Amino acid sequence: MGSKTRKAAAAGRSSTSLPVSVLVSLLVCLCLSRAEDSAMEDIVTEKKAEESHRQDSANLLIFIMLLTLTILTIWLFKHRRFRFLHETGLAMIYGLLVGVVLRYGIHVPRDINNVTLSCHVNASPATLLVNVSGKFYEYTLKGQISANEVSDVQDNEMLRKVTFDPEVFFNILLPPIIFHAGYSLKRRHFFRNLGSILAYAFLGTVISCFVIGLIMYGCVTLMKEFGQLGGDFYFTDCLFFGAIVSATDPVTVLAIFHELQVDVDVYALLFGESVLNDAVAIVLSSSIVAYQPTGDNNHSFEVSAMLKSFGVFLGVFSGSFALGAATGVMTAHVTKFTKLRDFQLLETALFFLMSWSTFLLAEACGFTGVVAVLFCGITQAHYTYNNLSPESQDRTKQLFELLNFLAENFIFSYMGLTLFTFQNHVFNGTFIVGAFLAVFLGRAANIYPLSFLLNLGRRNKISANFQHMMMFAGLRGAMTFALSIRDTATYARQMMFSTTLLIVFFTVWVCGGGTTQMLSWLRIRTRRRVRRAVLCPCVLLSVCNVLDGGEQRSTKHDSAWLFRLWYNFDHNYLKPILTHSGPPLTATLPSCCGPLARCLTSPQAYENQEQLKDDDSDLILNDGDISLTYGDSAVTSESSGPGVPRQAGPTSSDEALDSELAFGDHELVIRGTRLVLPMDDSEPPLQLPPDEGAAARRHRD
C-alpha cells in the first residue's frame, strides 16, 4: 500500500514537472530568439548606417568633381582667352548636367520594407514615435511628398541627400565670400566715389525693392483673376521677393573688368554697390518679414507696423555694423599689443577665427552676420592688416581669396544642381515673365534717376555709357540664391525660389557673357591693348616727368569734404591707437592725456612718425614709385624734378591723403630699353622728335 502511494506521488511529481520544463524551455527559446532578433536588428542598423555613410561620401565627391572640372575648364578658357563665359557660368552648366543625370538617369530600386500607413492628424509633427511590437522608434520629418511620388520614395531620398540645409550656405559658405569682399576693398577709388556708392546701395536698393514689389503685386493680382494661383500670395511676399532679387552680384562682370582694366570709376561704383547692397538687401528682407500689423489680418497696411519695420531695419543694420567694427578693433588691439607676429601660424589662425566668429556672433545676437562680417573685413584690412607680419599678410589674403573662390563656385554649381534635384519647384509662366520685367524696371529705376541726381553734385560725372553699363551689369548671384532658398515652406516662397533660379541663370549667362561685347558697343575705355614705343635713355626721364606730373590725377578736390575730415581723424587718432602707424598720440592728444597717450602708442610709432606705414593700400602709386631700368642702372621718377631730393614721406595729413588716393592713369614697364605704355585705342601713337627717334633706332640696331 505504501509503495503504491509513493509510486503515485512520483508519477504526480513527474506529470507536474513536465509542463514546467516545457515552459522553461519555451522561455529560453523565446529569449534566444529575441536576442537573435536584437542582434539581427543591430546588424541591419549598422549596414544602413554604413550605406548612408557611403552615399554621403559619394554626394560630396560629386561636388568635389564639379569644382575640379570647373577649375580645369577655367584654365582652358584663360589659356585660349575665351571671355564669353565666366567660371561661375561654367559651374552652373556642370551643375545642371549632373542634376539631369541624378534626376532622370539614376533610379534606386524600391525597398520592399517601406510601409505606407495613413494617420489622420491636424498638423505634421516634427518628430514621430512609432510603437512596433513594444519597441518605440523615433522618426523625423524630412518634407512633404506629393501623392504621385509615394511610389518613388527611394529616388526622392537620393535627391534629398544632395540637397543641403540652407543654414550651410549662411554659416559656412557666405562668410568667406562677404569677408573677402570687405578685406580686398580698394579703398582709394571706393572712398572717392563713396557718396555715389552709398546712394546706389541704400536708396537704390530700397527703390528697386518697392518697384519690383509693386509690379509683382499687380502680376499676382492678375494671376488671381485668371485662377493661376495655387496658394496664398500677399503684398508682403511681393516686397520680400523684391528685396531678395535687388541684391546684385556682378562677379562675372567685375572679373572681366579687372582683366580688361576698365575705367576704375565704373569698376568702383559697381563693386562698391554690390558689396553694400547685399547687406542692405538681407536687412531689408528681415525687416519685411518682421512686419506684423495688429488685428486678424496680418497682411494689411498699418503705419505703426511700417514704422516698426523701419526701426528694425535701422537697429539691425547699425547693430551689425557696430559688432563687426568692434571685432575688427579687438583683433587690431590683440595683434598690436602682443608678440603674435613672432608665431605666424598662430597669428593667421587667430585672425581667421576672429573674422569668422563675427558672423556667428551677430547671428546669435539677433543681428545680421552679412553686415557684421563685411564691416569686420573692412576694419581688418584698414587696421589689423598693418599689425600682421609679412608672412601672415600674404597668408590671410591668399586664404580668404581661396575660400571665396571655392565657396562661390560651389554655390553656383549647386544652383544648377537644384534646378533638377529640388522637389517642390513651382513654375508659373505669368509670374516668371512679370519677374523678369520687374527686375529690369527696378534696376532702371535705381540707376538712371539716381545718376541724374548724383551728377548734379559730382565733379567727375557718371556718363550715359557708364549708366548703361551699370544697368546691364546688375547680375544676380550667391546672395539672391541664399536668401531665396532659406525658406521654401510655403507656396509663395517655392514660386519665388524657382523664379529666382531662372533670373540668376539668365543674368549670369546672357548679361555676364555679353559684357565684352557691351563694353565695345558702349565704347567704354579699356587698357588691355598695349602699344609699344622704343625710347632711348635720354628721353626716359622726361617721359617719367610727364606721366608723374602732368598725367597723374589730383584727388584733393575730388574727394568729399566729409571723407577728408574722417581721414584727418583716422590719421591722427585711430591709426596710432590701433596700429603702429601714424604720428604718436603724444603729439596729437592734449597734454592732459599724456599717460594714456604713452600707454597706447607703440615704440614703432615713434620710428614711423615721419611717414604713414599703410601696407593695406593696394596699388597706391606714390611719388618715386615708377622705376625705369636701363641696363644695370635705374632711373627713378620724382615729381620735383631730377635735381631735387625726394622727401621721406608726406609731411602733412593732406599730403598723405593725396598720396594715398592718387593713382596715375598710365603704367610703365621697362625691359632693357623697351618702354611699355598701356594706352587707349583712341589715343594716337607716341611720336618722337626726329633726332631722338633716330637715336632710338640706332640704339636698337
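Contact is taken here to mean heavy atoms within 4.5 Å, and helices (H or I, at least four residues) and strands (E, at least two) are DSSP runs numbered from the N terminus. The structure is a predicted model, in which local features need pLDDT of at least 70 and side-chain atom pairs count only at pLDDT 80 or more, whereas totals for chains, interfaces and linings use all residues. Residues are numbered from 1 along each chain as its sequence is written, and side-chain values use heavy atoms, with hydrogens and water left out.

The protein contains 25 helices and 7 strands. Of its 701 residues, 45% are buried, that is, under 20% relative accessible area with a 1.4 Å probe, protein chains only. Among contacts between residues at least 6 apart in sequence, 81% join residues at least 24 apart.

Helix α2 (residues 87–105) packs against helix α13 (residues 390–421) at an angle of about 35°, their axes lying 7 Å apart; axes are lines fitted to C-alpha atoms over the stretch in contact, and angles run from 0 to 180 degrees between N-to-C directions. The residues of α2 that meet α13 include E87, M92, L96 and R103, and their partners in α13 include F405, N409, F412 and F420.

Helix α16 (residues 478–485) has 8 of its 8 residues buried, so it is largely enclosed by the rest of the structure. The buried residues of α16 include M479, F481, L483 and I485, and among the elements that cover the buried residues of α16 are α4 (166–183), α7 (235–244), α9 (264–289), α12 (369–387), α17 (491–513) and also α13.

Methods: Buried means under 20% relative accessible area, exposed over 50%, partly exposed in between (1.4 Å probe, protein chains only).
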